[in-house]
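User: I am new to this structure. Please walk me through a few of its residues.

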Amino acid sequence: RFIGEVGIYMALGDLMAASRFSQSTLVVTPNLHEFTPNGDIGEDNGERSSYSVNTASYRDLSETASSSSYTAVTTATSMAYLPPTVVLCELRHNGFENCSPSGPSDTGIVSKWRPRDRNKTGCVALVLCLNIGVDPPDVIKISPCARMECWIDPFSMAPQKALETIGRTLTQQYERWQPKARYKHFLDPTVDDVKKLCTTCRKNAKSERVLFHFNGHGVPKPTPNGEIWVFNKSYTQYIPLPVSDLDSWLKTPSIYVFDCSAAGVIVRAFMELQDCSASSSGSSMRDCILLAACGAHETLPQSAEYPADIFTSCLTTPIKMALRWFCSRSLLHESFEYSLIDRIPGRQTDRKTLLGELNWIFTAVTDTIAWNVLPHDLFQRLFRQDLLVASLFRNFLLAERIMRSANCSPISYPMLPPTHQHHMWDAWDMAAEICLSQLPALVEDPNAEFQPSPFFTEQLTAFEVWLDHGSEHKKPPEQLPIVLQVLLSQCHRFRALVLLGRFLDMGPRAVDLALSVGIFPYVLKLLQTTTIELRQILVFIWTKILALDKSCQVDLVKDAGHTYFIRFLDSPEVFPEQRAMAAFVLAVIVDNHRRGQDACIEAGLIDVCLKHLQGSFSNDAQTEPLFLQWICLCIGKLWEDFSEAQMIGLQADAPAILAPLLSEPLPEVRAAAVFALGAALDVGFETLRDGHGDEDNGDDEKKTKAESFIIKSLLNMVSDGSPLVRAEVA
């Protein structure tokens, strides 16, 4: 009798009683029926209510127990050797203990993965001070000496023609990385020319970023005060131009590229200028980025094996520069014809061609190096906010590797940690070697097919090994940026998504890492595909993303992604567990989001949900509790505080369809059904308005009947055995 009373107390007691017992030592003994007269272990609404209570826990209740029952419980010492089963540990019990608000917070890991100040480079100013044929006075050149500028020999044609050709070529090289920007260049300019160029670019760019590229190979090194040199109108004198003037003309946001000897002096002057402006104005650092070819006391490499503008070549033509540099250091250098590098078949934007695959691998390698070496905030700023800035910094990593081999150290602001010896460069070298080894045959026979590099297959295997042996407490997998790149390929996409799903399943930290590396726009775009094989894993991935960050609901509705999940929910061949994930995603999409509610109503989500609920009563396979729970929550969120949706639901007889769920065994399902029915009540709005016609009066009568039915159904749940359900009713 005592056992039964405790079971009733735990099943029907109030919330405080349940809380007290959840903090006590409660153990279910496997063979407890041996100690009860009739072997009844007391089930109520499907909830387990047979407890063997520790002496200390039930002492204040023992007065209600008979001596025989009391002895039966306290003398069951032989059962102490059996493995105990902990109870009151379901999610609903933890929910009452930890009443934390649902949904994402504005602080913490959720708010960090989105780039805050996404920008683009709208204008590019190119300043070339070459003065072809006249060497600056402070430079002593060796023989033979580096001569190529933009892969053009300036002495192969007339000086003015060479200057113009180099200017056009540099513009074309930059256009590959940012074709939509406006480009302006001045060749061997004066101070007034530079001022006009900078002010015009800032005016055209407005609040967008301006890139200023300076090639100073035909003028002296910058002065110790950080002044660069330009020309007077007659080209008889070098005129200094302070970086403070450049800064005042270009303003912010801006990015500077200085390709000249002792370029580190300019970076130092800029940093001092930033410090002065920050201390005087009291504001934080302005959005100013610098890339410099070498340190303050270094001279650019003059070896003939390099182009004269080696830094610019690394930044604007990285594949060509990387292959030339690698070839000169590999076993191929004696037999390989360097001119073949200029004839690599394909386009950089076509990943099915040799050149496109090389560019793809290079992007993956440099992104991976940056993500593993840079602080999170710096990676987001340099590699995820501006396409041109991201491209330049990927290529800057190559410049550091190549130029350090020539005793030259490129400098950036913000400063980057050294990356030239990162082991991912070995993977790039292998891909380059595979490319170069088959290049002669491909050039000789244009119809020959190239053999794709095993790079991405091997990196996915490495990621899979980490998933088998890693954990959320260990260092994150370094291949995560490569998984992002692999999503672009149809042949690797399914495997990459499955591995990504396994990674996301490790917890919120894993989801945040994937979002911070830039996975979001890729999985958002994949919702436009119709590939059946990808549906289940995509729904799982989006379940994990939205469980961490609800704000993604805006992006999904904007890109019509909600229709993907509605179609998935309505697919006949989908298992109930998978439908539950789709229902969860849709519930988040419409949660306190009017545009999401409007879009889902327009797409017929109410009819789809009610159809599946009706089918669940006649089809045992559909009565998965998790599915029923989330389909109810989805419906409730869909018409919550949305009178138009409530009317659609009432007209579809939704209350009558939901009411049978109030007798489901699982309390979560009953509570979800209570929520859905309660949200259908138009509480807080006037139901009787002036000027209603007969048709409106008829609708009001139907609505009143439906609401009366809902209220009666909810009143029947006041004495439900679960505090979770009673709390929802209240």
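Analyst: One definition comes before we start. Buried means under 20% relative accessible area, exposed means over 50%, and partly exposed lies in between. Note too that this is a predicted model.

User: Is Asp245 buried, exposed or partly exposed?

Analyst: Asp245 is found in helix 8, residues 243-250. Its relative accessible area is 29%.

User: How far apart in space are Asp245 and Lys195, C-alpha to C-alpha?

Analyst: In sequence, Asp245 and Lys195 are 50 residues apart. In space, their C-alpha to C-alpha distance is 8.4 Å.

User: Which residues is Gln178 in contact with, leaving aside its neighbours within four places in sequence?

Analyst: Gln178 is found in the loop between helix 6 (159-175) and strand 7 (182-187). Its relative accessible area is 8%, so Gln178 is buried. Leaving aside neighbours within four places in sequence, its contacts are Lys120, Thr121, Tyr183 and Leu388.

User: How many disulfides does the structure hold?

Analyst: A disulfide needs a pair of cysteine sulfur atoms within 2.5 Å. For Cys198, the nearest cysteine sulfur is that of Cys201, 6.8 Å away. Cys198 is in no disulfide. For the structure, the count is zero.

User: Is Cys435 buried or exposed?

Analyst: The cut-off for buried is under 20% relative accessible area. Cys198, at 0% relative accessibility, counts as buried. Cys435 has 1% relative accessibility, so Cys435 counts as buried.

How values were computed. Residues are numbered from 1 along each chain as its sequence is written. This is a predicted model: local features need pLDDT of at least 70, side-chain atom pairs count only at pLDDT 80 or more; totals for chains, interfaces and linings use all residues. Side-chain values use heavy atoms; hydrogens and water are left out. Buried means under 20% relative accessible area, exposed over 50%, partly exposed in between (1.4 Å probe, protein chains only). Helices (H or I, at least four residues) and strands (E, at least two) are DSSP runs, numbered from the N terminus. Contact means heavy atoms within 4.5 Å.
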